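Please work through the exercises below with the sequence and the model in view. Each task is followed by a solution in steps.

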Amino acid sequence: MSFFQYLPLIHLMARMKLKSKANTLVLSYIWWILEPLLFVLMFYFVFKFLLHRGREDFLIFLIIGKIPFLWFSKSVTSAANSLIENRGLINQRAIPKFVFPMVNINEVAYQQFVTFGVLLLFVVLSGYSHFGLWWQIVPLIVLQYLLICGVSSCFALFVTYLPDFRLILQMFMMGLMFCSGIFWSIGDIADPQLQKAILLFNPLAVIIDGYRQVLMHGQILHWLAFMPALLISVILNVIGFGALKKFDGVLTRRVFM
């Protein structure tokens, strides 16, 4: 079977996981909105009131940066552990290994549709109304989804083969959070060479900056600036999913070690 023939199975498994998790919580689906908002408020309190940093519009600036990052971090972390978590199912059914990270990625992505709705509501309530340019958010979301798939497939491979990569993943996420312009703007970097390097080698920073350009500044995006992010995402997908397919048998043995 081809990748696309597994899409209905991935969609069904992702929906079942969402429903199962929601049923175990008292506030159920409300956590889809509450969790990202609590994260944003926590960082807002620290930066605004304890450190006395941040611009006048720091709350909406932080929301637009933090919510896409939470989507990325939750997806990659969940997908990285997906093979080990599903060792029982792997033992019973001959399912290709790429299915499991994709299920977890889609599970988080479905939640993200609701969370992005809340983000847009905050943007409107903050007085930003560049509605005619919001269509640019769609290709940005597709690009971020592609990046998530690429990074997740690689980490699913690494963590399954060597569980120590879980620790590296935690450090990777921490470093990425502070290097992706969540708390600061790329335009604030004085060194043009450093600014250029971040735009070239950190696709998540470019995507988050793109969200802000559209939602806060009402700008037309220069899509050529996103080509490095697209190229990196495609390469990671080819490497990650190619390796998951090639080493399918090896990964089955590693899961039960």
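Predicted model: local features only at pLDDT ≥ 70, side-chain atom pairs only at ≥ 80, totals over all residues.

**Exercise 1.** Determine how helix α3 is oriented relative to helix α6, and which residues meet.

Solution. Step 1: α3 spans residues 58-80 and α6 spans residues 99-125. Step 2: their axes are 8 Å apart and form an angle of about 170°. Step 3: angles over 145 degrees count as roughly antiparallel, so α3 is roughly antiparallel to α6. Step 4: the α3 side of the contact includes Ile-60, Ile-67, Trp-71 and Lys-74, while the α6 side includes Val-108, Gln-111, Gln-112 and Thr-115. Step 5: sorted by class, this contact holds 15 nonpolar, six polar and one charged residues.

**Exercise 2.** State how many cavities of 30 Å³ or more are counted, then describe the lining of the largest cavity.

Solution. Step 1: the count is one cavity. Step 2: the volume of the largest cavity is about 110 Å³. Step 3: α2, α3 and α6 each contribute at least two residues to its lining. Step 4: among the lining residues are Trp-32, Glu-35, Phe-39, Ile-67, Trp-71, Lys-74, Val-108 and Gln-111. Step 5: the lining comprises seven nonpolar, three polar and two charged residues.

Methods. Residues numbered from 1 in each chain as written. Heavy atoms only, no water. Axes fitted to C-alpha atoms, helices over the stretch in contact; angles between N-to-C directions. Helix = DSSP H or I, 4+ residues; strand = E, 2+ residues; numbered from the N terminus. Parallel < 35°, antiparallel > 145°, perpendicular 65-115°, else oblique. Contact = heavy atoms within 4.5 Å. Nonpolar A, V, L, I, M, F, W, Y, C, P; charged D, E, K, R; others polar. 1 Å grid on protein atoms, 1.4 Å probe; cavity = no way out; pocket = protein on both sides within 12 Å on 5 of 7 lines; lining within 4 Å. Points joined across faces, edges and corners; volume = space filled by probe spheres on them.
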